[in-house]
Structure formats: C-alpha cells, structure tokens
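Here is a quick tour for anyone meeting this protein for the first time. Have a look at the sequence and the model, then read on.

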Amino acid sequence: MSTTARRHPAEHGWFTSSRSNNGNQCVEVRFDGDAVQIRDSKFRRDPMNAGLDEPIITVDAALWTAFLHCLRTARPHPDLAARTSPDGATTLRYEAVVLHFTAGEWNAFVAGVRDDEFACV
C-alpha cells in the first residue's frame, strides 16, 4: 500500500506526492537502498492487467537525482525520458519499460518534485 507523505525511506514502501488525489491514481516511488523504483498506481487497479507483470522503472540514486534536477529546470534527461503530449499526459521511459500518466498524475508528481518530496534520503 502506498502513502502520501514527505520523504519516505525504504521501510515505508511506496509513496506519492502530497499533491496526489489521495493515492487513487498517481506516480508512486520507492527507495530501496541505492535503487529508486517508479510505478503507475493505475496499473494495479485495471482488471485488464490481472496476471500481467507490473511495469516498474528502476534507476540508481544518482540518475534519479539528475532526473529530478532536469524536471525542476524543465530540461530533458538523456536516459529517463519524460515525454508530455499536448493534452498533458506523460510517458516515462527507461530502457524497455514505459509508464503512462495522466496530466493530473504527472502534474501532482512534478509539484511534489518542486516541493522536494522525492529526493533520495
């Protein structure tokens, strides 16, 4: 289960931005040692995904920190690619894993990034 709070270490599991809509649909992040994992909460709530492996992006803390800096300065990251469509929906891609977020989900995540909620502890 994910929670909405500020800077959760790994023992607290998955968390979302304080700007998310009560964790119903959002970008979820988890710190696990030097790894940072990102997933889409919608995936688990869609009955069509039953039995499928959940896509999770895993990056190291240095790449994650650089990605957050790029988001704050509105620059693209060369490896963890966030592409936003005209309607605000965003696709996040790392290697072969792709996650899709609505405009509201992505905006809540970026607001949390600006509030420093996703910095590695």
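This is a predicted model: local features need pLDDT of at least 70, side-chain atom pairs count only at pLDDT 80 or more; totals for chains, interfaces and linings use all residues.

## A first look around

Val-98 sits in strand E8, which covers residues 97-101. Setting aside neighbours within four places in sequence, Val-98 is in contact with Pro-55, Thr-91, Leu-92 and Arg-93. Ile-57 is 41 residues away from Val-98 along the chain, yet their C-alpha atoms are separated by 7.7 Å.

Now over to Ala-82, which belongs to strand E6. If you skip residues up to four places away in sequence, Ala-82 touches Phe-67, Thr-90, Thr-91, Leu-92 and Trp-106.

Here are the two C-alpha pairs next to each other:

| Pair | Apart in sequence | C-alpha to C-alpha |
|---|---|---|
| Val-98 and Ile-57 | 41 residues | 7.7 Å |
| Ala-82 and Leu-71 | 11 residues | 8.9 Å |

Ala-82 and Leu-71 turn up again at the largest pocket: along with Cys-70, Ala-74 and Arg-75, they lie nearest its centre. In total, 16 residues line this pocket, and its volume is about 230 Å³. Which elements give two or more residues to the lining? They are helix H2 (61-72), strand E6 (81-84) and H3. Sorted by class, the lining has 10 nonpolar, 2 polar and 4 charged residues.

Next, helix H3 itself. H3 runs over residues 103-114, so 12 residues in all, and reaches 16 Å from its first C-alpha to its last, close to the 16 Å expected at 1.5 Å a residue. Which residues of H3 are buried? The list is Glu-105, Trp-106, Ala-108, Phe-109, Val-110, Ala-111, Gly-112 and Val-113. One of them, Trp-106, is also among the residues that Ala-82 touches. After H3 comes Asp-116, which has a positive phi, near 65 degrees.

Finally, how confident is the predictor? The protein has a mean pLDDT of 85, with 82% of its residues at 70 or more. Confidence is highest in strand E7 (residues 90-94), with a mean of 97, and lowest in strand E1 (residues 3-4), with a mean of 42. The pLDDT is below 50 over residues 1-10, and this stretch has 27 contacts in the model beyond near neighbours in sequence.

Definitions and conventions: Residues are numbered from 1 along each chain as its sequence is written. Side-chain values use heavy atoms; hydrogens and water are left out. Helices (H or I, at least four residues) and strands (E, at least two) are DSSP runs, numbered from the N terminus. Buried means under 20% relative accessible area, exposed over 50%, partly exposed in between (1.4 Å probe, protein chains only). pLDDT is the predictor's confidence in each residue, from 0 to 100. Contact means heavy atoms within 4.5 Å. On a 1 Å grid over the protein atoms alone, a cavity is a set of points where a 1.4 Å probe fits but cannot get out, and a pocket is an open set with protein on both sides within 12 Å along at least five of seven lines; lining residues have an atom within 4 Å of a point. Grid points are joined across faces, edges and corners, and a volume is the space filled by probe spheres set on the points. Ala, Val, Leu, Ile, Met, Phe, Trp, Tyr, Cys and Pro count as nonpolar, Asp, Glu, Lys and Arg as charged, and the others, Gly among them, as polar.
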